[in-house]
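Visitor: I have a structure open and would like to talk through its contacts with you. Could you take a look?

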Amino acid sequence: MVDLLQVSGLTKRFGGLVAVNNVSFTVREKEILAVIGPNGAGKSTLFKLIASFLRPTSGEVLFKGERISDLAPHIAARKGIVRTFQETTIFKNMSVRENVIIAHHLRSKANLLGFFLGTKLAKADEQAFGTSADEILEFLGLSAISSEIAKNLPHGHLRALGIAIGLATNPTILLLDEPFAGMNHDETMKAVAMVRRLRERGLTVLLVEHDMPAVMKISDRIVVINFGEKIAEGTPAEIQSNAKVIEAYLGSEDEAIGL
Amino acid sequence: MTRVAKAASISAFLAVVFILVPVLIIATGRTDLYYTLTSVALLSIASAGVWLTFFIGRINIGQGAYALMGGYVSAILVVNYGVSFWLTLPLAGLFCAAASILIGYPILRLRGVYFAMVTLVLTEVARLLALALPITNGAKGMVSIPLPGALSIFGVTIIPNFAGMQSPRLAFYLLAVTMMVLCFAAMYRLVNSRIGKLCQSLQQNEELASSIGVNIAYLRVIAYAISSFFGGVAGAIFAAISQSIYPSSFTVTDSINFMLNCFFGGLGYVFGPMLGTLVLYFGWDLLFQTGKFQLLIYSTLMIVLMLFLPNGLLSLGDLLRKRGSNNG
Amino acid sequence: MEQVIANGLYLGAQYALIALGLTLIFALMNVLNFAHGQMYVLGGFITYTVYGQLGLPFVVALLASGMTLAVIGALMEKYLFRTVIKRSHREESTMLLAAATAFFFDAVILLIFGEKQRGVPKIVKGVFNTDGLIMPYDRIAVGALAIVFIAAFILYMQYSRPGRAMRALAQDRVAAQLMGVAVERYSMIGFAMGAMLAGIVGGLLVTITGVNSGIGGPISIKAFMMVMIGGAGVVGGAIAGGFILGMMESVGLTVLREYGDVTYLVIFAALMVFLSIRPNGLMGKPWG
Amino acid sequence: MKTISNMSRRVMLGVMGAAMLAAMPAAGFAENAKLKIGFVGVTSGPAAAWGTSNVRSMETLAAWYNELGGVKIGEVTYDLDIVTFDDQKDPKRAIAGMEKMAQEGIHYVVGPNVDDGAAAVRPVAEANGIIYFPYAFPKSLYEKPASNAVLGMIANYQSGPAIYKYLMENKGVKKVAFVAANESDPLSQRDGGVAAAKALGLEVVAQNDTYQNDTRDFSPVLTPIVALKPDLLVLSGVAPANAPLLIRAARELGYEGLISTETAQDAKVLEEGAGELANGFISVGGASTPEIASDRMKEFVERYTKMFGEYNDESNTKVYALDYILETLKASPAALDNVEEFKKAMDTFSAPNPYLKGDAKLTYVGSTSFGQKRQVAVPMVVNEYKDGAFETLFVGTVD
């Protein structure tokens with residue numbers, strides 16, 4: 001397997017506080033890698049650093065060997081590294097289908113003026129986006145609700161819509177921010193299956209997650225961070241038996257690790 | 001709406017503004033309405049610009065600055081350099097668009113009330129600059145600006161010389177209304193094309209827009225530049241009508257009014273600013289009879305309307321439709 | 001130079017008090033109250049009537065100004081803003097409502113109190129004067145009173161029950177509601193307090209600068225500027241913003257006078273640059 | 001029950017409305033023809049005081065004339081009808097106002113009150129045959145080819161030099177400082193004042209100091225100026241609302257020289273805003289000071305006070321416009337609907353000035369300043385404020 005994403009020596013300070021401290025790991029092509037850690041461990045910050053929503057204080061993120069750390073988020077997205085959001089972040093006043101269609105932005109061949117004038121190229125784009133959006137909605141089982149206004153959707157559907165939006169950008173690597181948060185057992189199982197299918201589509205998935213059982217089930221490898229530092233890395237089995245990890249989680253959420 | 005219905009309503013609208021209104025004015029002899037309606041048309045162009053910035057999620061109280069700038073660009077070119085008014089019209093718009101790109105790039109990062117505030121300050125900055133810069137003739141303003149001359153292309157006169165007309169009022173009305181129609185047609189197309197969806201994506205969630213690869217800074221600046229272009233054009237025509245321009249020709253009050261026009265018509269509707277301007281400007285004029293109670297009645301009506309239609313006048317249609325479908 | 005600094009401090013104290021009420025309302029309800037300046041004017045006219053015309057003691061007049069405005073503020077919140085916030089798709093719509101109420105106040109004030117500039121007798125006579133530093137006693141008194149009111153306000157917000165509830169509300173409306181804060185009640189109290197502060201500062205300043213029916217709009221705009229400098233919705237920010245603007249005006253008008261009419265141009269341009277660098281003011285919440 | 005009471009209330013209202021409508025013409029004493037005179041200016045917002053004193057002067061006079069049975073012009077007796085339009089100090093609105101006046105068939109309009117408004121209405125006024133009386137000083141309004149504007153008061157470039165000269169000769173003034181609001185009208189007036197002072201050989205120690213018009217505390221503006229110790233502080237184009245604040249701030253900062261302005265002010269406002277600190281303040285007024293006011297002026301002040309509760313000293317100047325219009329029309333009735341006749345009459349027109357003691361005349365002047373007679377000959381009364389009232393310092397004339 002090829003290394004797709006390299007995180008090396010990534011550090012982020014906010015004033016005196018070190019949120020992420022010298023974290024390094026790699027993500028290989030077509031794997032599912034999870035970053036876990038107790039509350040306040042710096043997962044979110046790390047996630048934003050990788051997606052180029054924050055600039056690191058030091059260290060860098062390489063994507064296919066190229067530094068992406070200081071790029072604007074939309075440039076990173078253009079290169080194929082796309083995030084979804086922890087909160088239910090969607091375009092809330094658009095329909096589900098419109099949400100997915102707009103997310104095809106990166107695939108446009110026409111430019112803004114072309115869309116304004118309605119050129120042939122623009123019309124072809126619109127056509128293609130529509131078809132592709134329908135395919136994605138079908139794939140994620142959202143076809144039935146494609147004309148609902150997004151803000152009226154229930155929780156689970158919103159999460160799926162977030163992923164649909166991510167997929168529409170045609171990413172190489174999709175960063176999922178707590179995809180299972182707030183879900184009950186059944187919903188989580190469905191979501192786990194969905195993430196698996198993403199990989200079957202040929203995507204690499206990096207996810208930051210709280211829900212231990214789900215992570216154990218889904219991940220090829222796991223990176224554990226605590227107090228902004230990486231304390232372990234390995235397969236789910238290795239992590240489950242890692243003393244440092246158990247220590248980090250002890251007292252807070254022991255059962256969450258699935259022991 | 002079906003295609004036929006759309007075409008029919010568009011032609012009806014065009015017939016009203018280009019034929020019915022002048023005919024009625026001539027029939028009733030109310031020629032003062034030409035200027036009132038010209039003002040409505042021009043102010044609605046400027047308001048349309050403000051609406052566009054609302055559309056990308058920014059409260060813009062700075063349109064007065066661009067209207068003033070546009071007025072001065074046109075006036076200076078006409079008076080000092082003898083350029084034809086017709087050429088200065090697009091130039092004024094372009095100048096404002098260029099200026100707005102320089103100004104907008106840093107300030108469009110601001111959101112909410114901060115952006116609103118900075119644009120409000122911008123209006124005041126424009127006024128102070130107009131007072132301080134030598135080219136604007138400072139406090140004395142620019143007066144006796146000649147009326148627009150003839151416009152001919154390849155020797156064919158398309159627009160006759162305004163100065164030679166018996167009443168330039170009708171001509172200004174037609175000019176303003178034409179500009180308004182063009183402006184709103186462009187806006188309508190913009191909003192209903194994919195660009196409109198992109199703008200909406202900015203308004204609803206900039207972070208997400210950026211994560212799906214939208215260059216939000218670029219799109220914001222483009223929208224703001226178009227907005228300022230509209231402001232500049234409206235200002236230029238106003239300078240031509242009053243044949244004068246002063247630093248106080250467009251002030252903070254105007255900037256606030258442009259914003260209010262948008263709110264009043266409805267932020268969710270492309271034609272909101274047009275209706276809002278018509279009602280607010282005309283409403284003030286109609287209340288002219290009430291003398292010293294004018295402002296009291298005007299503001300009371302505004303509050304009442306706001307209470308019943310907080311989403312703008314055009315939301316009335318939606319409300320009725322909803323009620324109709326509930327009953328049916 | 002002492003004179004310039006003294007001028008700036010005095011100006012800052014009154015500005016800070018003006019900005020406090022505005023920022024309070026903003027923090028609680030996300031409403032940019034365009035009518036703040038008009039409330040100030042109304043407060044000024046009430047003190048003018050009670051103290052200047054009826055000849056009652058100044059304290060009574062000041063109380064009357066504060067109380068009247070508090071009632072008006074509470075009514076405005078309850079019958080106007082609450083309804084519009086509930087029914088509107090976009091929260092900016094409150095700006096139109098606020099502007100309309102500002103016009104309404106303008107009209108009412110003009111009809112009742114007329115178009116003339118009004119003033120009242122000085123509350124304290126005499127001028128403090130030592131080596132080049134001149135400050136009339138009434139200015140010192142008003143400046144001191146302003147600082148007392150600011151301090152009282154901060155203490156109230158910090159330690160009283162309603163104060164704490166309002167702070168929770170300002171931080172996170174939804175969370176406050178979950179924690180059992182009576183959101184509607186405290187929104188109303190907050191709006192009333194904001195209006196009361198405007199009324200009090202109007203009543204205070206009528207003794208120095210008089211009052212005039214048309215100045216509400218410009219005062220609102222100045223108050224907006226202070227709030228933006230400090231950071232919208234933050235009490236400390238409003239105070240800092242007030243003092244910074246006061247000092248900038250005082251120093252700018254002295255230092256830049258050689259260059260003619262540029263002081264405010266410089267202040268405004270500086271404000272724009274400052275906000276471009278710090279989009280949330282000195283200490284504002286992100287996303288005002 | 002409820003419906004019935006609602007209905008009956010509605011019926012009642014309807015009946016009352018109809019009755020009122022029917023009663024209206026009867027109550028209007030509609031025997032005389034109506035002569036409409038317009039006003040376009042600012043009667044709301046921070047500058048409301050300017051236009052309000054205009055409108056009230058006109059309304060007081062009109063009511064007075066109507067009470068006396070109307071104004072006889074040619075063979076017809078007219079009742080006066082004042083049509084007012086608040087332009088909110090916005091030049092765009094001012095144009096609309098002038099259009100409205102044209103629509104109403106009005107040929108004589110008082111206002112606007114500021115430079116930009118006066119310039120903006122010019123095309124409309126000239127196209128529609130309207131003579132208007134602005135209170136704005138730019139010479140381009142009154143010089144050829146402009147021909148329809150008549151300056152309604154004394155311009156600062158006329159009164160300024162006279163005041164400065166008087167103060168040089170009588171009070172030993174040598175050093176002058178100017179301060180103005182950062183707006184078109186005051187700045188233009190300041191520039192005119194500075195030029196006049198320099199021409200007289202005065203030393204101008206401050207000429208760049210300005211303030212925002214919304215300033216409420218003038219200490220920061222005045223601190224550096226007071227430190228220069230001028231003999232005379234000129235408040236160029238100062239708004240009546242700001243004058244007492246400026247005076248008070250200057251005095252409290254220890255300023256001991258003279259203070260003057262070239263615009264009309266109101267004694268009551270000065271008294272409330274600055275009290276005894278305003279004593280000695282010099283401004284230009286009309287003719288209500290006891291030394292020169294005729295009985296008619298006194299009665300005007302009385303009627304005005306009765307109608308509106310309180311007199312405004314700015315109205316001394318503004319009382320003239322309507323009388324000029326009426327007297328000129330009497331002299332040339334053909335001008336009622338032909339302003340060319342009015343312009344012709346202006347060159348030779350002369351009538352007694354009813355507001356001044358002695359044999360002062362109403363004539364049109366301005367030949368020196370504008371090259372044509374486009375200014376009313378208001379007496380240039382220079383006042384000094386003292387304890388709540390104005391006293392006449394000296395009276396000058398303009399040609």
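Predicted model: local features only at pLDDT ≥ 70, side-chain atom pairs only at ≥ 80, totals over all residues.

Visitor: OK, and what does A:Arg221 pair with?

Guide: A:Arg221 forms a salt bridge with A:Glu31, where the closest N and O atoms are 2.7 Å apart. This pair links distant parts of the chain, given that A:Arg221 sits in strand 9 of chain A while A:Glu31 lies in the loop between strand 2 and strand 3, 190 residues apart. Both A:Arg221 and A:Glu31 are buried.

Visitor: What about A:Arg199, what is its partner?

Guide: The partner of A:Arg199 is A:Asp220, again in a salt bridge, with the closest N and O atoms 2.7 Å apart. Here A:Arg199 belongs to helix 7 of chain A and A:Asp220 to the loop between helix 8 and strand 9, 21 residues apart. A:Arg199 is partly exposed, with a relative accessible area of 24%, and A:Asp220 is partly exposed at 26%.

Visitor: How many salt bridges are there over all chains?

Guide: A search of the whole structure finds 53 of them.

Visitor: Switching topic: which chains share the most contacts?

Guide: Four pairs of chains are in contact, and of these chains B and C share the most contacts. The contact takes 46 residues from chain C and 45 residues from chain B.

Visitor: How much area do chain C and chain B bury between them?

Guide: They bury about 4100 Å², with carbon and sulfur atoms accounting for 80% of it. On the chain C side, C:Arg90, C:Leu96 and C:Met272 lose the most area to chain B, and together they make up 17% of what that side buries.

Visitor: And how many salt bridges or polar contacts are there between chain C and chain B?

Guide: The count of salt bridges between chain C and chain B is zero, whereas 10 residue pairs are in polar contact, both residues being at pLDDT 80 or more. The elements of chain C that give two or more residues to this side are helix 3, helix 4, helix 9 and helix 11, and helix 4 brings the largest share, 13 residues. By residue class, the chain C side divides into 30 nonpolar, 11 polar and five charged.

Visitor: Where does chain A stand relative to chain C and chain D?

Guide: No contact joins chain A and chain C, whose closest C-alpha atoms lie 10 Å apart, and no contact joins chain A and chain D, where the corresponding separation is 34 Å.

Visitor: Last one, how is chain A divided into domains?

Guide: Domain 1 takes residues 1-80, 172-191 and 202-259, while domain 2 takes 88-170, and their C-alpha centres lie 27 Å apart. In the contact between them, 12 residues of domain 1 meet eight residues of domain 2. The area buried between these domains is about 660 Å², of which 69% comes from carbon and sulfur atoms.

Conventions. Residues numbered from 1 in each chain as written. Chains lettered and ligands numbered in written order. Heavy atoms only, no water. Domains from an automatic or database assignment. Contact = heavy atoms within 4.5 Å. Buried area = accessible area lost by both parts, 1.4 Å probe. Salt bridge = Lys/Arg side-chain N within 4 Å of Asp/Glu carboxyl O. Polar contact = N/O pair within 3.5 Å; in protein donor to acceptor, adjacent residues only side chain to side chain. Helix = DSSP H or I, 4+ residues; strand = E, 2+ residues; numbered from the N terminus. Nonpolar A, V, L, I, M, F, W, Y, C, P; charged D, E, K, R; others polar. Buried < 20%, exposed > 50% of the residue type's maximum accessible area, 1.4 Å probe, protein only.
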